Amino acid sequence: MLFKVKKGSSPVSPDTILSHKNEFSGTLKGDGNVRIDSLFDGEITIDGELFVGQDGKVNANIKAKKVSVFGEIRGNIEAIEGLIIHNSGKVYGDVKVGVLFVDEGAILEGKSEMLRS
């Protein structure tokens, strides 16, 4: 399985949490895991995993090792190890991924390309 996730929970221990009580804009870069439960506008480049919770709404192009979506992402995603869009998740943009999983009820509107190792 790409990610072991209970519904609505984070598959990883995030190093950074952007909570639902805030809004963020700008460039987010780093090595750790990130959880977003807020509005984020900008660019995201991380070497870790990105988790977008049900309250998360991200308008950004994203590069990450893995991406897990319960909320909404508008922008292109490059996830070397994989992208999982859970049943409440919505992705509007092109995706380049090592592994792609789209749960029943999830939305993916965009082109998909599988990365080869």
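1. Val34 touches Pro14, Thr16, Leu28, Ile46, Glu49, Leu50 and Phe51, leaving out residues up to four places away in sequence. Touching, or contact, means heavy atoms within 4.5 Å. Val34 lies in strand 3. Strands here are DSSP runs of E, at least two residues long, and helices are runs of H or I of at least four; both are numbered from the N terminus. Val34 counts as buried because its relative accessibility is 4%. Buried means under 20% relative accessible area, exposed means over 50%, and partly exposed is in between (1.4 Å probe, protein chains only).

2. A word on the basis. This is a predicted model, in which local features need pLDDT of at least 70 and side-chain atom pairs count only at pLDDT 80 or more, while totals for chains, interfaces and linings use all residues. Residues are numbered from 1 along each chain as its sequence is written, and side-chain values use heavy atoms, with hydrogens and water left out.

3. The overall make-up is plain. The protein has 13 strands and zero helices. Of its 117 residues, 39% count as buried. Take the contacts between residues at least 6 apart in sequence: 12% of them join residues at least 24 apart.

4. Asn33 sits in the loop between strand 2 (23-30) and strand 3 (34-36). Its relative accessibility is 17%, so Asn33 counts as buried. The side chain of Asn33 reaches the backbone nitrogen of Glu49 at 2.8 Å. Glu49 is also among the residues that Val34 touches.

5. The structure holds one aromatic pair. It is formed by Phe51 and Phe70, with ring centres 5.5 Å apart and planes at 50°, so the pair is tilted. Phe51 belongs to strand 5 (residues 49-52) and Phe70 to the loop between strand 6 (57-69) and strand 7 (72-74), so the pair ties together parts 19 residues apart in sequence. For the terms: rings of Phe, Tyr and Trp (its six-membered ring) pair if their centres lie within 6.5 Å; planes under 30 degrees apart are stacked, over 60 edge-to-face, and the rest tilted. Phe51 and Phe70 are both buried.

6. A charge also meets a ring. The charged end of Arg74 sits over the ring of Tyr92, 4.1 Å from the ring centre. The test is NZ of Lys or CZ of Arg within 6 Å of the ring centre and within 35 degrees of the ring normal.

7. Ser38 is in the loop between strand 3 and strand 4. At 2% relative accessibility, Ser38 is counted as buried. Setting aside residues up to four places away in sequence, Ser38 touches Leu18, Ser19, His20, Asn22, Phe24, Asp55, Gly56 and Lys57.

8. Ser19 lies in the loop between strand 1 (16-18) and strand 2. Ser19 counts as partly exposed, at 27% relative accessibility. Its C-alpha is 5.5 Å from that of Ser38, 19 residues away along the chain. The side chains of Ser19 and Asn22 are joined by a polar contact of 3.0 Å. A polar contact is a pair of N or O atoms within 3.5 Å; within protein, one must be able to donate a hydrogen and the other to accept it, and residues adjacent in sequence count only if both atoms are side-chain atoms.

9. Met114 lies in strand 13 (residues 112-114) and is partly exposed at 44% relative accessibility. Beyond its neighbours within four places in sequence, Met114 is in contact with Val97, Gly98, Val99 and Leu100. Leu115 lies in the segment after strand 13 and is partly exposed, with a relative accessible area of 28%. Not counting residues up to four places away in sequence, Leu115 touches Glu78, Ala79, Ile80, Lys96, Val97 and Gly98.

10. The largest pocket has a volume of about 180 Å³. It is lined by 15 residues, of which Asn76, Ile77, Glu78, Asp94 and Lys96 lie nearest its centre. Two or more lining residues come from each of strand 4 (39-46), strand 6, strand 8 (77-85), strand 10 (95-97) and strand 13. On a 1 Å grid over the protein atoms alone, a pocket is an open set of points where a 1.4 Å probe fits, with protein on both sides within 12 Å along at least five of seven lines; lining residues have an atom within 4 Å of a point. Grid points are joined across faces, edges and corners, and the volume is the space filled by probe spheres set on them.
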